[in-house]
Amino acid sequence: MIAQASEEVIELRVDDIAQLFHTLDPFPFRERDLDREAEEYIVGWARELSGRQAIRIRVHHPNTDAQAKAALELHEAFGHYFADRADAIQRDINELFRVGRWSLAIGLAILITCLLLAHVVVGALFANPLRRLLEESLLILGWVANWRPLEIFLYDWWPLVRRRDLYRRLSKAVIETQPHSVVRSEAGAAAY
């Protein structure tokens with residue numbers, strides 16, 4: 001597979017359209033998973049494209065009847081695959097927020113407990129030098145317990161949303177196919 005990309009179009013050149021799909025997947029093209037390397041290439045170039053314009057994927061393939069028939073299913077296959085990937089990432093986002101909510105509930109409970117302990121119990125039971133140390137330690141513990149939920153709600157979800165949106169754009173990409181003629185060398189092998 002030889003591949004290249006321009007500013008507006010992601011171009012792939014394949015010797016066989018089946019190269020784009022996972023070879024062990026028993027389903028027809030339109031339901032198959034993309035090959036990992038093909039997906040990485042397409043997604044990598046799609047990240048470089050402007051978020052405002054529609055993505056175009058142009059696949060150059062041999063000009064044979066079998067390849068032309070397989071090319072007819074590329075739009076549905078790419079759309080199906082990238083829509084499934086976007087849905088999977090949306091489930092990951094939902095799971096991340098679920099974990100974040102539980103983490104926040106636990107963190108806030110620990111923070112409240114630490115604040116109560118610091119002001120009520122520590123203040124009544126310990127002398128002045130030791131009291132200040134225990135109060136500060138409990139306060140730090142309470143805030144550290146909220147580190148993970150804050151990280152989830154402030155930072156962790158952004159990369160997932162960007163990836164989900166990219167996969168959604170790829171699921172709606174315009175797929176173009178361009179057959180090319182096969183040139184035979186003297187040894188009879190195909191050269192492109």
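Residues are numbered from 1 along each chain as its sequence is written, and side-chain values use heavy atoms, with hydrogens and water left out. Because the model is predicted, local features need pLDDT of at least 70 and side-chain atom pairs count only at pLDDT 80 or more, while totals for chains, interfaces and linings use all residues.

The overall layout comes first. The protein has five helices and six strands, where helices (H or I, at least four residues) and strands (E, at least two) are DSSP runs numbered from the N terminus. Along the sequence, these elements follow the pattern β-β-α-β-α-α-α-α-β-β-β. Of the 192 residues, 33% count as buried; buried means under 20% relative accessible area, exposed means over 50%, and partly exposed lies in between (1.4 Å probe, protein chains only).

Strand E3 (residues 56-62) is joined to E2 by five bridges, and the two strands run parallel. Seven bridges join E3 to E4, again in a parallel arrangement. Two strands are taken to pair if DSSP finds at least two bridges between them. Six of the seven residues of E3 are buried, so this strand is largely enclosed by the rest of the structure. E2 is mostly covered too, with four of its five residues buried. On the E4 side, the bridge partner of His60 is Gln178. As a general point, side chains in a regular strand alternate between the two faces of the sheet.

Glu11 stands opposite Arg58 in E3, and a polar contact of 3.0 Å joins the side chains of Glu11 and Arg58. A further polar contact, of 2.9 Å, links the side chains of Glu11 and His60. A polar contact here is a pair of N or O atoms within 3.5 Å; within protein, one must be able to donate a hydrogen and the other to accept it, and residues adjacent in sequence count only if both atoms are side-chain atoms.

Charged pairs come next. A salt bridge is a side-chain nitrogen of Lys or Arg within 4 Å of a carboxyl oxygen of Asp or Glu, and by this rule the count comes to eight. One of them pairs Glu176 with Arg56, whose closest N and O atoms are 2.5 Å apart. Glu176 lies in strand E4 (residues 174-180) and Arg56 in strand E3, so the pair ties together parts that are 120 residues apart in sequence. Glu176 is buried, at 19% relative accessible area, whereas Arg56 is partly exposed, at 31%. Glu176 also meets Arg58 in a salt bridge (2.7 Å, N to O). With Glu176 in E4 and Arg58 in E3, this pair ties together parts that are 118 residues apart in sequence. Arg58 is buried, with a relative accessible area of 18%.

Another salt bridge joins Arg148 and Glu151, with the closest N and O atoms 3.0 Å apart. Being three residues apart in helix H5 (residues 147-171), these two are separated by about one helical turn. Arg148 is partly exposed, at 37% relative accessible area, and Glu151 counts as partly exposed at 30%.

At 1.5 Å a residue, the 13 residues of helix H1 (residues 36-48) should span 18 Å, and the end C-alpha atoms are 19 Å apart, which agrees; the expected span is 1.5 Å times one less than the number of residues. Asp35 caps the N-terminal end of H1, with a side-chain oxygen 3.2 Å from the backbone nitrogen of Glu37. Within H1, the buried residues include Ala38, Tyr41, Ile42 and Val43.

Helix H3 (residues 74-125) holds Leu116, which is exposed, with a relative accessible area of 51%. Together with Leu108, Ile112, Leu117, Val120 and Val121, Leu116 forms a nonpolar patch on the surface, with about 500 Å² of accessible area in total. Patches are made of residues with over 30% relative accessible area and no salt bridge, like charges being joined within 9 Å and nonpolar side chains (Val, Leu, Ile, Met, Phe, Trp, Tyr) within 5 Å. Accessible areas come from the Shrake-Rupley method with a 1.4 Å probe, and for residues, only the protein chains shown count as cover.
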